[in-house]
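Visitor: Could you take me for a close look at one part of this model, the sheet and what packs on it? I would like the pairing and the neighbours in one connected account.

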Amino acid sequence: MANITIKDIARAMGVNVATVSRALNDQNGVSDRTRQVIKSKAAALGYRPNALARSLVTSRGSTIAYIAPDLANPYHVEVARAIKDYVRPLGYTLILCDSEWDMETELAQLEYMERQRVDGLIMKSARSDFDHIAERLSCPVAMLSTNYSDTYSTIDTDNFYGGFLAVEALIRCGYTRIAYLGAIQDPPTSRQRGAGHKAALQHYGVPFLKNLCADGEFTMDGGREVMRRLWSRKNRPDAVFCVNDICAIGAMDFLLDQGVRIPEDFGIIGFDNMFMTSLSQIQMSTVAQQGYELGTGAAQLLMDTIQERDTHRPEHRIIEPRLILRNTTRPVDPYQPSPASQLRRP
């Protein structure tokens with residue numbers, strides 16, 4: 001008979017893993033009645049707690065780490081908040097680090113986490129492969145990434161579909177020379193969103209202009225600088241899809257300095273749906289990433305790995321983004337965005 005895990009109990013009862021874990025470990029956050037029902041169900045299923053997993057959950061001072069690539073970006077702060085909200089009721093303290101998209105810093109932080117003997121790690125890496133993590137870390141890991149791994153569970157946004165949604169909207173708004181402002185710090189994400197940009201142009205028969213694609217820093221200054229370069233080209237764009245909202249705000253700032261009318265003469269769509277994009281003076285059209293949902297999902301994947309360390313198989317989740325049209329794009333009649341399942345992917 002296969003070993004029964006807390007994930008099996010949660011599935012059988014229709015509750016989440018965290019609730020089962022709290023009940024079985026006599027932690028706060030669960031009513032006495034629910035605790036007794038869960039314990040009775042666990043006994044009926046033949047659940048036997050793994051001593052190592054139990055000690056990981058109940059030991060005082062247990063720690064989970066999150067290595068973010070850029071805490072100046074509110075999106076990564078939202079992810080961190082979700083992780084904290086999930087692991088704290090389970091008795092874990094969250095250690096938060098910022099690699100600043102720097103590989104040497106990331107390697108040093110991984111080595112530090114190994115020395116600190118953290119119980120688990122969640123991270124968004126500056127690299128697309130995970131070999132450097134396995135070489136330096138022995139604890140369970142969950143990755144914020146669309147790259148599949150035989151070693152680690154992963155979760156991320158469908159970046160290709162997000163890029164497609166943004167450019168599809170710009171086309172429907174009547175723009176025809178649509179630039180792509182990418183980033184140098186996160187090549188996989190930038191490539192995937194850029195691939196969605198190109199696919200939407202091809203889908204609607206709009207010319208793909210390679211000279212209107214350029215990469216820069218993941219910052220407002222980076223957005224300004226790349227927009228300045230694009231604006232200086234002979235065949236100027238009349239719209240831009242930016243890899244994130246911070247770059248989009250920088251691009252918009254440059255264009256407003258040039259006296260460009262937005263959205264009448266130029267359209268802009270960002271990516272992330274940072275809180276500032278909804279401010280009355282900005283009202284940026286954007287593709288919304290579900291940062292809190294991603295952080296919660298990453299924490300769930302990590303807890304599953306910790307609880308079932310000996311038998312756990314990596315899981316891979318992709319979360320679909322959604323389009324939000326505001327005042328940086330022309331008004332458009334309501335339409336049904338193309339379904340993600342029907343797109344031809346590279």
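Guide: Let's start with strands β8 (residues 239–242) and β9 (residues 267–272), which run parallel and are joined by three bridges. Strands here are DSSP runs of E of at least two residues, helices are runs of H or I of at least four, and both are numbered from the N terminus; two strands pair if DSSP finds at least two bridges between them. Across this pair, A239 stands opposite G267 in β9.

Please keep in mind that this is a predicted model, where local features need pLDDT of at least 70, side-chain atom pairs count only at pLDDT 80 or more, and totals for chains, interfaces and linings use all residues. Residues are numbered from 1 along each chain as its sequence is written, and side-chain values use heavy atoms, leaving out hydrogens and water.

Stepping back, β8 and β9 belong to an open sheet of six strands with mixed pairing, in the order β7-β6-β8-β9-β10-β12. At the edges stand β7 (213–216) and β12 (322–324); each has a single partner strand, so one side of each is left without a neighbour in the sheet. From one strand to the next, the twist averages 20°.

Now for the helices. Helix α8 (residues 159–172) packs on the sheet and touches β6 (178–183), β8, β9, β10 (285–288) and β12, contact meaning heavy atoms within 4.5 Å. The direction of α8 makes about 160° with that of β9; axes are lines fitted to C-alpha atoms, for helices over the stretch in contact, and angles run from 0 to 180 degrees between N-to-C directions. Helix α10 (residues 220–231) also packs on the sheet, touching β6, β7 and β8, and its direction makes about 155° with that of β7.
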